[in-house]
Structures are given as structure tokens and as C-alpha cells.
Amino acid sequence: MGSKAGTQSGKALTHFDAEGQARMVDVSPKPETHRVAVASGQVLMKPSTAKLIAKGEMSKGDVIGIARVAGIQGIKRTSDLIPLCHPLRISGVDIEMKVKTSSPAGVDIRAEVQAVDRTGVEMEALTAVSVAALTIYDMCKAVDRGMRIEAVQLEEKLGGKSGHWKR
């Protein structure tokens, strides 16, 4: 990196100071705007594992309900987990999960996070999906250690200076 902040596409990377040291960006001059981010991911598993989840027969309980609550908790803790994220005032969360029992079997996860704040909620949406997926894995690992968490990605973001982005 050298002694200057890095660049990407001709723009200075805002999370580095002039000496190349990590810093938390000052967002106080930015206006508060409505922010939305949507992320998705999936947990792939054996069809028999997905059937147990769908029937509510997993020994640890309601996998989908508990994973949804875990995803919401993950959103609230994002700034504690990711060092340069700002704590945000989350105004809305919607976490959807769909169990698929045929190949490829698994659980599709989608999280939509909203806030009126000075910076976006992309990391919160991605954290929600990741924590929900990890919770599914934890609750089902006794019957299927070969599960895979895949394709955790941002699908869409709205608001702020950069506007609307969609995959």
C-alpha cells in the first residue's frame, strides 16, 4: 500500500488514512437517507436433512424459526463483529427461508434490512444471512456434517450517494 491511501477505480479507499492505516470513516457530514440492502445465501444438505427441517422433526427444535431469530440478532451485532462498520439504527428486517427437499436440497435464505441512516446496511444483510446459515448448520450437524454454506452475496442495495445497485 505504501505511504498513501490505496485507490480503486481512481477513488481513494475511504477506510485508510493518508499513512495507509485502517480507520473508521467519518459519516457525520452525510445526510440521513432511507437505506435498503438485500442479501441471499443457501445451506445445501442431504434431502433427508431438508425433509426433517420441513417436517419440524429436527431434534434441536424449529430450525427455521431459530435461524430467523439468529439472523436478526446477527444484524444487531454487525458493528461488533466487523471492525470498521458503524452501529446503525435498523428500522426494518425481513428474513425469509425456503426449504427445498429435492435436489439440490437445502435452505435458501434471503434477508432484507432497512434503516434511515448515514451509511448503508449491506454488511448487516450479509451478516443476517451468514448467521442464519451457521445456525442451520449448528442445529443440523448431528445428522448431516456434509452441509455446505454457499453463495452468500449482496443482491441489491438502495439509498445513499451511490444510489441503486442490483445483481
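Mentor: Start with contact, which means heavy atoms within 4.5 Å. Keep in mind that this is a predicted model.

Trainee: Which residues is I53 in contact with, leaving aside its neighbours within four places in sequence?

Mentor: They are M45, M58, V63, I64, V99, V107, I136 and C140.

Trainee: What makes a set of residues a nonpolar core?

Mentor: The members must be buried, of the nonpolar types, and joined through side-chain atoms within 4.5 Å. The largest such core here has 32 residues. M45, I53, M97, V107, I109 and I136 touch the most other members.

Trainee: Which elements give two or more residues to this core?

Mentor: They are β3 (33-44), α1, α2, β4, β5 and α4. The largest share, nine residues, comes from α4.

Trainee: Which residues of α4 are buried?

Mentor: E124, A125, L126, T127, A128, V129, A132, A133, T135, I136, M139 and C140 are. Each therefore falls under 20% relative accessible area.

Trainee: What about the span of helix α2?

Mentor: Residues 63-76 make 14 residues, which should span 20 Å. The end C-alpha atoms of α2 are 20 Å apart, so the value agrees.

Trainee: Which residues of α2 are buried, and what covers them?

Mentor: V63, I64, G65, A67, A70, G71, G74 and I75 are buried. Their cover includes α1 (47-55), α3 (78-81), β4, β5 and α4 (122-140).

Trainee: Why is A151 called partly exposed?

Mentor: Its relative accessibility is 44%. Buried needs under 20% and exposed over 50%. The value lies in between, so A151 is partly exposed.

Trainee: Why does G160 count as partly exposed?

Mentor: G160 has 25% relative accessibility. G160 is in the loop between β6 and β7 (165-166).

Trainee: Which residues does G160 touch, not counting residues up to four places away in sequence?

Mentor: G160 touches T33 and R35. As for R77, G160 is 83 residues away in sequence and 22 Å away in space, C-alpha to C-alpha.

Trainee: Which peptide bond is cis, and how do you know that?

Mentor: The bond from S103 to P104 is cis, with omega near -5 degrees. P104 is in the loop between β4 (90-100) and β5 (106-117).

Trainee: What is the pattern of elements along the chain?

Mentor: Read along the sequence, the pattern is β-β-β-α-α-α-β-β-α-β-β. That gives four helices and seven strands.

Trainee: What share of the residues is buried?

Mentor: Buried residues make up 37% of the 167 residues.

Trainee: How many of the contacts join residues at least 24 apart?

Mentor: Take contacts between residues at least 6 apart in sequence. Of these, 69% join residues at least 24 apart.

Notes: Residues are numbered from 1 along each chain as its sequence is written. This is a predicted model: local features need pLDDT of at least 70, side-chain atom pairs count only at pLDDT 80 or more; totals for chains, interfaces and linings use all residues. Side-chain values use heavy atoms; hydrogens and water are left out. Buried means under 20% relative accessible area, exposed over 50%, partly exposed in between (1.4 Å probe, protein chains only). The expected span of a helix is 1.5 Å times one less than its number of residues.
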